[in-house]
Amino acid sequence: MSFAARCRKETHLSAMQIGLLSRMEAVFPFLADLVHGDLKAYVPAAKEGFFLLAAHIHPHTVYMAGAKETGRLVRRIEEPIIAEAFQAGQAVSGKREWTYGTMCDMHVFPILSEGRVLCALAFEVDAEKLLIEGYPRLLKAARVVLLHAQKACDLAPFAPIQAGDGILITDARSRIVFADVAARRIYRVLGVGSLVGCPLYDRQLTRHVTRETVERDRPWRKEIEAGGLILVRREIAIRDGGTLCLRIVLLSDVTETRARDEALRIKSAIIQEVHHRVKNNLQMVASLLRLQARRASSDEVRLALRESVNRILSISVVHEYLSKQGDEAIDVQEVLGHIFGLAVRSMADKGFSIRMACNGERLVLPAKCASSVALVLNELVLNAMEHAFIGRSEGLIGLSVKAHADGWLLDFYDDGIGLSKDFDIARTKSLGLTIVKTLIEGDLGGQFSIAGEAGCGTHARIILPKMQPAPIA
């Protein structure tokens, strides 16, 4: 249930008041991270003598034990500091029992509208364990952000802060008044020893910057290179009537992340190039076999070579797909479409009309089984085109995919002449079906069966065990 839905259900707040609080909820995770403590939003409940705990957020910047209690009704008598904030209409601090025998610091900021307290935001922190020099500056900044969030302003810069991010806070003159350990560590690498008291744009702080990139739609976010580091700098200037109140500057060291991204990009490019070259080599082999087929004097040899060409090109289709997608997975229905097109061009007689249909779930399989699946589909298509439509001028080939308890059920079907009564797959001399059965049961670990009545078409059913990734809608 959303914050707004909880308030509509459990309080007497108006739609406008709930809308204001819902808008401000966007900054709650940022505030919890900034203050390094649990954030709890208390709203007067419709039930007399109770508060609604409308939101409970754990910070990313410090570990906080205990489960979230969002949506719980709390007796007013159990939260005297919250009750005092509602009554006084101003910030209140004190201590409360956190767990049995353990106390924590509690800082409560009221949210007012037209002189009435709508909500009280409580920050529960363990200041003794945090040991953050200048911690009151964080609380002051949180209160300024809270007042700022009540206005119709852009809240996008107030995304959550991650553990390890450096935090700088300046005063109205852009002079640094707070710098946490992470920020000091980053600037120490850049050769800056002292931060507090320095102007934010001091030459000493910026002289190591070699590159700076600003995004048009996010001018408050920059990526800079300095002293061998790659930093993402988020600068939040909070103003009141055009006058600067303070700045919050967040620094994220993404040097290792960018290096990993670059390594993955290079690896992906190499893999794509390998797939592209394999595809080209397979197509060259197929061309050589086509030349051989043209010179063959026997119809049987020509047919065997044409089938071999299709088998090679079906594998080529997979490598072409992977070289373009840059993804180690294949869409089975899409690969079937490519293989179907190849088979029609090389096997179908002039004047014969063949259609393809796919229905059911989209099936995406890992690339490790792509070649086997492509060969299976190729053999089934070739087998259907060679045997299913004898004496006919048109036909239909289809694939239906369904989720199965232990995997996926693939039903490859045609509307052809069907199978003879004495057909037995165990005694068949068809090389294509032998290849299909071997690949499915041996390589893919699945099950294969084929059935069909005379004049009613044929169904080749395949059960594949679950592999990652799964089918997509």
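Ring pairs join Y42, F51 and F86 into a cluster. Rings of Phe, Tyr and Trp (its six-membered ring) pair if their centres lie within 6.5 Å; planes under 30 degrees apart count as stacked, over 60 as edge-to-face and the rest as tilted. The model is predicted: local features need pLDDT of at least 70, side-chain atom pairs count only at pLDDT 80 or more, and totals for chains, interfaces and linings use all residues. Residues are numbered from 1 along each chain as its sequence is written, and side-chain values use heavy atoms, with hydrogens and water left out.

**Aromatic pairs**

By the ring rule, the count is 6 aromatic pairs. One of them is Y42 with F51: the ring centres are 6.2 Å apart and the planes stand at 70°, so the pair is edge-to-face. Both Y42 and F51 are buried. Buried means under 20% relative accessible area, exposed means over 50%, and partly exposed lies in between (1.4 Å probe, protein chains only).

F352 and F389 also pair, with ring centres 5.7 Å apart and planes at 45°, so this pair is tilted. F352 lies in the loop between α11 (332-347) and β14 (353-360), and F389 in the loop between α12 (370-387) and β16 (394-403), so the pair ties together parts that are 37 residues apart in sequence. Helices (H or I, at least four residues) and strands (E, at least two) are DSSP runs, numbered from the N terminus. F389 is buried, at 6% relative accessible area.

A charge also sits over a ring. K47 lies over the face of F50, 4.6 Å from the ring centre. The rule asks for NZ of Lys or CZ of Arg within 6 Å of the ring centre and within 35 degrees of the ring normal.

**Salt bridges**

The whole structure holds 17 salt bridges. A salt bridge is a side-chain nitrogen of Lys or Arg within 4 Å of a carboxyl oxygen of Asp or Glu. Three of these pairs are set out here.

| Pair | N to O distance |
|---|---|
| E69 and R72 | 3.5 Å |
| E79 and R96 | 2.7 Å |
| R362 and D331 | 3.0 Å |

Take E69 and R72. E69 is partly exposed, with a relative accessible area of 29%. R72 is partly exposed too, at 34%.

E79 and R96 link distant parts of the chain, 17 residues apart. E79 is in the loop between β3 (73-75) and α4 (80-88), and R96 is in strand β4 (residues 92-99). E79 is buried, with a relative accessible area of 4%. R96 is buried as well, at 18%.

R362 lies in the loop between β14 and β15 (364-366) and D331 in strand β13 (residues 329-331), so their pair ties together parts that are 31 residues apart in sequence. R362 is partly exposed, at 29% relative accessible area. D331 is buried, at 9%.

Salt bridges that share partners join K40, E69, R72, E79, R96 and E124 into one network.

**A buried leucine**

L200 sits in the loop between α7 (181-189) and α8 (203-206). Its relative accessibility is 1%, so L200 counts as buried. L200 and R175 are 25 residues apart in sequence, yet 5.7 Å apart in space, C-alpha to C-alpha. Neighbours within four places in sequence aside, L200 is in contact with L168, T170, S174, I176, L205, R233, E235, R247 and V249. Contact means heavy atoms within 4.5 Å.

**Surface patch**

I266, I270 and V274 form a nonpolar patch on the surface, with about 260 Å² of accessible area together. Patches are made of residues with over 30% relative accessible area and no salt bridge; like charges are joined within 9 Å, nonpolar side chains (Val, Leu, Ile, Met, Phe, Trp, Tyr) within 5 Å. Accessible areas come from the Shrake-Rupley method with a 1.4 Å probe; for residues, only the protein chains shown count as cover. I266 is in helix α9 (residues 255-295). I266 is partly exposed, at 40% relative accessible area.

**Positive phi**

Most residues other than glycine have a negative phi. E114 has a positive phi, near 55°. E114 is in the loop between β5 (102-113) and β6 (116-125), and is exposed at 81% relative accessible area. L131 has a positive phi of about 50° and is not a glycine. L131 lies in the loop between α5 (127-130) and α6 (135-149). L131 is exposed, with a relative accessible area of 72%.
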